[in-house]
Amino acid sequence: MEELFEKMAEALIAGKQDEVKKLSQDALDKGIAAKQILDKGLLAGMDVVGKRFKAGDMFIPEVLLCARCMHGAMDILKPLLSESDAAGAGTYVIGTVEGDLHDIGKNLVSMMLQGAGFKVVDLGTNITAAQFVDAVKTHKPKIIGMSALLTTTMPKMEQTIAALKEAGIRDQVKIMAGGAPVTQDFVDKIGADAYGANAASAVDKAKELVAYTSV
Ligand code: B12
């Protein structure tokens, strides 16, 4: 069984979508639980991908391929996983702020978070402060993540935090921000909880925040 998990992780790291899907189906046919396939095969592979990406040994196109492998296999596993199992790390609402249509980085962060066990609600791009507020009320996430790629849309992050405060729900959620022009200094200045410089560090920070909030 361990050998099958290793093969699955290796195929995922190599970005072989069909093979990952086939190996996942083989494992299910052998009677292995979907949760085990996710944890020991797919997430083990994604963990390596995250580490290599962070170390600069893997690049965005490769990571996207791995994320696609994950998605392909998740299509088979999802119906078999109870929601609580699949979303072990909690719900994460993510979106690109109002006026900004860039979504490549956000999508990458979103895929990596899913790979790490978060249930991700992706609101898309051009998301207003009011939409973020509504999403917090509806989905009750542990974390929201805002993405901005334009210097002109960065202030929308601060406005979103202000809107959450005004709605009285700022303390119910941790707030992360990222995107090429965003910095740790900026995140501190606007009163968000964490900055993610890239998808791998976004996942690390999100895990830290969840561990912190669930104590
Ligand atoms: C691709 C691109 C586009 C594409 C977007 C396609 C798409 N679907 O996203 C298109 C062509 C549509 C586009 C349009 C525009 N763009 Co553009 N675009 C880019 C470009 C080349 C790459 C961005 C990208 O995808 N990078 C790759 C991803 C993986 O990196 P990333 O987004 O930084 O994300 C990583 C981290 O930042 C972090 N992260 C990102 N989001 C989040 C969120 C959270 C919560 C966390 C924790 C982490 C995190 O993790 C990600 C993964 O590692 C950049 C140049 C650049 N070097 O950034 C310009 C750039 C961002 N664009 C720019 C501009 C000016 C524009 C336009 C205004 C151009 C125009 N005149 O129309 C429009 C604006 C449209 C709009 N309203 O949004 C400027 C911005 C300048 C500025 N200082 O504001 C840039 C910097 C180019 C430049 N040098 O001039 N663009």
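## Ligand shell

At least two residues of the shell around the ligand come from each of α6, β3 (143-147), β4 (174-178) and α10 (199-213). Helices (H or I, at least four residues) and strands (E, at least two) are DSSP runs, numbered from the N terminus. The model is predicted: local features need pLDDT of at least 70, side-chain atom pairs count only at pLDDT 80 or more, and totals for chains, interfaces and linings use all residues. Residues are numbered from 1 along each chain as its sequence is written, and side-chain values use heavy atoms, with hydrogens and water left out.

α6 gives the most to this shell, 4 residues. Around the ligand are 27 residues, with L101, H102, D103, S147 and T151 nearest; a residue is near if one of its heavy atoms lies within 4 Å.

The cobalt atom of the ligand has a single protein donor: H102 (NE2), 2.2 Å away. Donors are N, O and S atoms within 2.8 Å of the metal (3.2 Å for Na, K and Ca). H102 sits in the loop between β1 (90-97) and α6 (104-115).

For D103 the distance is 2.7 Å. For A199 it is 3.1 Å. For G179 it is 3.3 Å.

## Residue classes

The shell around the ligand holds 15 nonpolar, 10 polar and 2 charged residues. Gly counts as polar here.

Methods: A polar contact is a pair of N or O atoms within 3.5 Å; within protein, one must be able to donate a hydrogen and the other to accept it, and residues adjacent in sequence count only if both atoms are side-chain atoms.
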